[in-house]
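Here are my notes on the model you asked me to look over. I have set them out as numbered points, so that each can be checked against the coordinates.

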Amino acid sequence: MVGASLAGLMTSLALARAGWQVTVLERAGARRSSSAALAVDPPDLVRLLGQEASATVLPHLAHDAADVSGGLPVTWQALHSGLQAAAAEHSGIRLHHHSPVVEVGQDARQAWAATNTGAVHVGDLLVGADGYRSLVRAAVAPDRPDARFAGYVLWLGVADEQGLGSVRWPTGLDIRSSGGHLLLGYPLPAPDGLPTVGSRRLGWAWYDASRNGLLRRIGAVEGSVVQHSLRETDIPEETYAELAAGARQHWPAPWSTAIIDSIERRAVTATPISEYLPDRLVAGRLVLVGDAAHVPTPMTGSGFAASLADAEALGRATAATDAHEVPVALLEYEQDRLQPARSLVKSGQSFSRSFAGR
Ligand SMILES: Cc1cc2nc3c(=O)[nH]c(=O)nc-3n(C[C@H](O)[C@H](O)[C@H](O)COP(=O)(O)OP(=O)(O)OC[C@H]3O[C@@H](n4cnc5c(N)ncnc54)[C@H](O)[C@@H]3O)c2cc1C
């Protein structure tokens, strides 16, 4: 498995449940952070992971998940730490952090991945869960390896209730549009997962198609390919000032207050949005899941659910499979997942075309 983010961890757990020994190679360290939030349905996780692993994952989401029934999101971080704990506990999974894969390959009998230290890991199949800039995708679909820039950026932040003064607390996801901009605002519990008044948080995601010049100037987008997201320190001071003015102009309280608070703390990140419409998910013993397989705009709100469906379908297709049957089992997985993934990406592309004015 290349990649130990949400898709990689869920797929590792599904494969281990199907009886495989899984080696996971992740370029990042074990501690991760993200301001993103996702809608999660706990029964889906229980179906995928089984009772034992879900008993480890769900307490990480407990208080967030209670809110999901009311339509609220859970934090990416809570979900990631829960899945990582479940994978670390599983005897069938070996997690290697700080292990960037630099090359993958296969022959008729096996697949392999080489890391930057020269270590080569060999197995019956190799799963690419390595996200929108997937290295494994380049081996599966060499004719069209890259996701394409969708023409807009997503500014993201989370503000603490303490820093906001007295604001009217929202009850659920709030979607606003103004002057060609779009905002998703959502209440989140305190970092310990409890909905303690005074310690809660407000998350926000601001879709903005007016910054493409900046993204190209700083090299975040080159040609039609997104090169990287922007961390807090990558955002120029004048852009912070423009965002603060834009927040006052476009968004009502409490969102304007939350955004300005994030800007004043320089706690804003930006993700130029990519899309990838797959023609294939499999080549021989190589297989793609999650954003490596298909990249819908986050506006679909379904990237996570699609990754979960991939994990489930791959576990099902490869259960009780002998090594020599793996390529056939992977084609079964592709048969199951390719059309739903294409439909999802296409639905997002309609939004992107109208939002980015292309
Ligand atoms: C800003 C943003 C907001 C989103 N909002 C939503 C939402 O509201 N709802 C929703 O359902 N979905 C949303 N999504 C999508 C959702 O987060 C993803 O679809 C889902 O988490 C699956 O991601 P992934 O694990 O496939 O990829 P990633 O999270 O990109 O993980 C890829 C992993 O592979 C590792 N990796 C990459 N290359 C290598 C290498 N060469 N060697 C080793 N490791 C490597 C990376 O370090 C990373 O850990 C959003 C996405 C973004 C970017």
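Predicted model: local features only at pLDDT ≥ 70, side-chain atom pairs only at ≥ 80, totals over all residues.

1. Residues are numbered from 1 along each chain as its sequence is written.

2. Which residues are closest to the ligand? The ligand is surrounded by 28 residues, and the closest are Ser5, Glu26, Val101, Asp291 and Phe304. By class, this shell is made up of 13 nonpolar, 10 polar and five charged residues.

3. Backbone atoms of the protein come within polar-contact distance of the ligand at several places. A polar backbone atom of Ala7 is 3.0 Å from an oxygen atom of the ligand, and a polar backbone atom of Ser302 is 3.5 Å from an oxygen atom of the ligand. For Arg27, a backbone N or O atom lies 3.1 Å from a nitrogen atom of the ligand. On its own the ligand has 1,000 Å² of accessible area, of which the protein covers 84%.

4. Five strands make up an open sheet with antiparallel pairing, in the order β10-β11-β12-β9-β15. The edges are taken by β10 (174-178) and β15 (269-275), each of which has a single partner strand, so one side of each is left without a neighbour in the sheet. From one strand to the next, the twist averages 25°. Within this sheet, six bridges pair β9 (residues 148-160) with β15 in the antiparallel sense, and Val153 stands opposite Pro272 in β15.

5. How do the helices lie relative to this sheet, and at what angle does each run? Helix α7 (residues 255-264) lies across β9, β10, β11 (181-188) and β12 (201-208), and runs at about 90° to β12. Helix α9 (residues 326-356) lies across β9, β11, β12 and β15, and runs at about 90° to β9.

6. Another open sheet has three strands in the order β8-β17-β16, and its pairing is mixed. Here β8 (126-128) and β16 (282-283) stand at the edges with a single partner strand each, so one side of each is left without a neighbour in the sheet. Strand β8 runs parallel to β17 (residues 286-288), to which three bridges join it, and the bridge partner of Val127 in β17 is Val287.

7. Strands β5 (residues 101-106) and β6 (residues 111-115) run antiparallel and are joined by five bridges. A hairpin of four residues links β5 to β6, and Val104 stands opposite Ala113 in β6.

8. Two backbone features deserve a look when the coordinates are checked. The peptide bond from Ala253 to Pro254 is cis, with omega near 5°, and Pro254 lies in the loop between α6 (237-250) and α7. His98 has a positive phi of about 50° although it is not a glycine, and His98 is placed in the loop between β4 (93-96) and β5.

Key: Heavy atoms only, no water. Pairing = 2+ DSSP bridges. Helix = DSSP H or I, 4+ residues; strand = E, 2+ residues; numbered from the N terminus. Axes fitted to C-alpha atoms, helices over the stretch in contact; angles between N-to-C directions. Contact = heavy atoms within 4.5 Å. Near = heavy atom within 4 Å. Polar contact = N/O pair within 3.5 Å; in protein donor to acceptor, adjacent residues only side chain to side chain. Areas by Shrake-Rupley, 256 points an atom, 1.4 Å probe, with all protein chains shown as cover. Nonpolar A, V, L, I, M, F, W, Y, C, P; charged D, E, K, R; others polar.
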